[in-house]
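User: Could you walk me through a few features of this model and show me how to read each one?

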Amino acid sequence: GISVCAELQKIRPQVKLIVITAYRRAEIMSCAKEIGVLKIINKPIALDRLLSAISEAGEKAAKDLSLI
């Protein structure tokens, strides 16, 4: 999971990543933030948190595009 996110950020740094995980370990959370994960959502998934994360990712992506 996290290693895939790290590779994706290298290839496409403009991609906004949302990670859904069952793990709540602090080292995983801090590693995800270090590599640029926008949001980490713990299972079980709360639909409102997922929709909010998707909306935030879309807004950040649109803002990034407007800066180009």
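Analyst: Happy to. Let's start with helices: helices (H or I, at least four residues) and strands (E, at least two) are DSSP runs, numbered from the N terminus. Helix H3 covers residues 47–66, and Leu-47 is found in it. This is a predicted model, where local features need pLDDT of at least 70, side-chain atom pairs count only at pLDDT 80 or more, and totals for chains, interfaces and linings use all residues. Residues are numbered from 1 along each chain as its sequence is written, and side-chain values use heavy atoms, with hydrogens and water left out.

User: What span does H3 reach from its first C-alpha to its last?

Analyst: The expected span of a helix is 1.5 Å times one less than its number of residues. H3 has 20 residues and reaches 29 Å, close to the expected 28 Å.

User: Which residues of H3 are buried?

Analyst: Buried means under 20% relative accessible area, exposed over 50%, and partly exposed in between (1.4 Å probe, protein chains only). In H3, the buried residues are Leu-50, Ala-53 and Ala-57. They sit on the same side of H3, because they cover an arc of only 60° around the axis, the arc being that of the directions from the helix axis to the C-beta atoms. The face turned away from this buried side carries exposed residues, including Asp-48, Glu-59 and Lys-63. Leu-47 is on that face too; at 57% relative accessibility, Leu-47 counts as exposed.

User: How many salt bridges are there?

Analyst: Side chains of opposite charge can pair when their charged atoms come close. The rule asks for a side-chain nitrogen of Lys or Arg within 4 Å of a carboxyl oxygen of Asp or Glu, and the count comes to 4. One of them joins Asp-64 and Lys-16, with the closest N and O atoms 2.3 Å apart. That pair links distant parts of the chain, 48 residues apart: Asp-64 in helix H3 and Lys-16 in the loop between H1 and strand E1 (17–21). Glu-7 also pairs with Lys-10, at 3.2 Å. Those two are 3 residues apart in helix H1 (residues 2–11), so about one helical turn separates them.
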